[in-house]
Amino acid sequence: MPRPEFQAPPDVFYNESEARKYTTSSRIIEIQSRISERALELLALPNDGVPKMLLDIGCGSGLSGETLTEHGHHWIGYDISKSMLDVALERETEGDLLLADMGQGLGLRPGVIDGAISISAVQWLCNADKSSHDPRLRLKAFFGSLYRCLARGARAVLQFYADNVKQSEMIVTAAMRAGFAGGVVVDWPHSSKAKKSYLVLTCGPPSVTMSLPKGKGENGEMCSDDDDNESSDEDGNRTVGIYERNRPKKRQKTKKNGKGKDWLLRKKEQMRRRGHDVPADTKYTARKRKSYF
């Protein structure tokens with residue numbers, strides 16, 4: 001069965017019935033709790049006894065937020081599905097809930113958040129659910145606003161399911177361009193079911209003392225049966241991937257319909273053979289005119 005992000009947009013897929021089914025599944029509850037605990041561990045918050053203000057991006061019905069509450073933290077939950085948030089309100093979750101599209105930015109004041117987690121949400125931004133959606137622009141808006149609202153040195157841990165390597169690289173590249181430092185930590189890389197990828201980001205430039213944590217199962221240890229029952233569709237065996245903020249070379253622009261200069265020259269030659277009066281070829285042939293002088 002295909003993953004939810006391939007079936008419908010999140011606000012359509014997670015309707016009222018699907019939201020209740022998701023929240024009442026004991027298996028989903030257990031998996032969400034385990035992943036949230038791991039994300040909070042990778043967040044590496046200081047153990048000073050002071051509650052932190054955290055973000056739960058794609059909070060759904062508040063399953064992952066319960067883990068934050070159990071550890072004594074305050075949190076703000078973002079989700080695009082109204083049905084999911086309605087279930088969260090019925091369950092009387094402790095966090096503040098916002099109905100919003102993370103692909104349009106988070107809209108928070110700069111430097112007010114101590115950390116952020118996201119469970120199985122970021123990969124939704126890689127899909128163009130509407131004609132106006134551009135995955136790269138939506139990722140840029142999301143990571144840019146996330147970087148701005150985090151305090152200096154704060155971390156964000158985003159667990160995601162990438163459909164392929166290209167999609168994973170697109171997510172990581174967008175994060176690095178926003179100014180984050182960090183990389184991908186993979187738990188249980190040798191298990192086809194239990195494998196989990198976490199994008200661990202730090203707000204600010206990389207430093208000599210900063211290092212990524214190791215993924216579970218990196219030393220060949222076996223995962224438990226409970227871990228192995230979790231589903232994942234990713235490939236590869238790397239446990240930690242570190243990415244630098246190198247801007248790639250600009251790609252040469254091509255027209256969407258594929259009709260470039262070569263096509264135009266062939267068309268002009270075809271019209272000449274038919275006896276039509278065609279202007280001579282110059283260095284300006286097929287150049288795009290500016291919209292203003």
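Predicted model: local features only at pLDDT ≥ 70, side-chain atom pairs only at ≥ 80, totals over all residues.
The cysteine sulfur nearest to that of Cys203 belongs to Cys149 and lies 8.3 Å away, and Cys203 takes part in no disulfide.

For the structure, the count comes to 0 disulfides. A disulfide is a covalent bond joining the sulfur atoms of two cysteines. Cys126 also counts as buried, at 11% relative accessibility.

## Nonpolar cores

The largest nonpolar core comprises 35 residues, and Leu55, Phe142, Phe143, Leu146 and Leu199 have the most contacts inside it. Elements that each supply at least two residues of this core include the strands β1 (53-57), β2 (74-79), β4 (113-119) and β5 (150-160). The strands β6 (180-187) and β7 (196-203) do likewise, as do the helices α6 (135-149) and α7 (165-177). The largest share of this core, 6 residues, comes from α7.

A second, separate core has 19 residues, among them Leu40, Leu68, Val185 and Tyr198.

Which residues are in contact with Phe143, leaving aside its neighbours within four places in sequence? They are Val122, Leu158, Ile171, Ala174, Ala175, Ala178, Phe180, Leu199 and Leu201. One of these, Leu199, is also listed with Phe143 among the residues with the most contacts inside the largest core.

## The largest pocket

The volume of the largest pocket is about 1100 Å³. Its lining is formed by 48 residues, of which Pro4, Tyr14, Tyr22, Ser120 and Trp124 are the closest to the pocket centre. By residue class, the lining divides into 24 nonpolar, 12 polar and 12 charged residues.

Several elements each supply at least two residues of this lining: α1 (10-13), α2 (16-24), α3 (26-43), α4 (63-70) and β2. The largest share, 5 residues, comes from α3.

## Helix α5 and its surroundings

Helix α5 spans residues 82-90, and its buried residues are Ser83, Met84, Leu85, Val87 and Ala88. These buried residues pack against α2, β2 and β3 (96-99). Following α5 is Glu92, whose phi is positive, near 55°.

## Thr69 in helix α4

Thr69 is located in helix α4. Is Thr69 buried, exposed or partly exposed? At 29% relative accessibility, Thr69 counts as partly exposed, because this class lies between the 20% limit for buried and the 50% limit for exposed.

Not counting residues up to four places away in sequence, Thr69 touches Trp75 and Glu94. Pro51 is 18 residues from Thr69 along the chain, and the C-alpha atoms of the two are separated by 9.7 Å.

## Positive phi in loops

Most residues other than glycine have a negative phi. Ala44 is not a glycine, yet its phi is positive, about 55°. Ala44 lies in the loop between α3 and β1.

Trp188, likewise not a glycine, has a positive phi of about 50°. Its place is in the loop between β6 and β7. With a relative accessible area of 12%, Trp188 is buried, because buried means under 20% relative accessible area.

Conventions
Residues numbered from 1 in each chain as written. Heavy atoms only, no water. Core = buried A, V, L, I, M, F, W, Y, C linked by side-chain atoms within 4.5 Å. Buried < 20%, exposed > 50% of the residue type's maximum accessible area, 1.4 Å probe, protein only. Helix = DSSP H or I, 4+ residues; strand = E, 2+ residues; numbered from the N terminus. Contact = heavy atoms within 4.5 Å. 1 Å grid on protein atoms, 1.4 Å probe; cavity = no way out; pocket = protein on both sides within 12 Å on 5 of 7 lines; lining within 4 Å. Points joined across faces, edges and corners; volume = space filled by probe spheres on them. Nonpolar A, V, L, I, M, F, W, Y, C, P; charged D, E, K, R; others polar. Disulfide = S-S within 2.5 Å.
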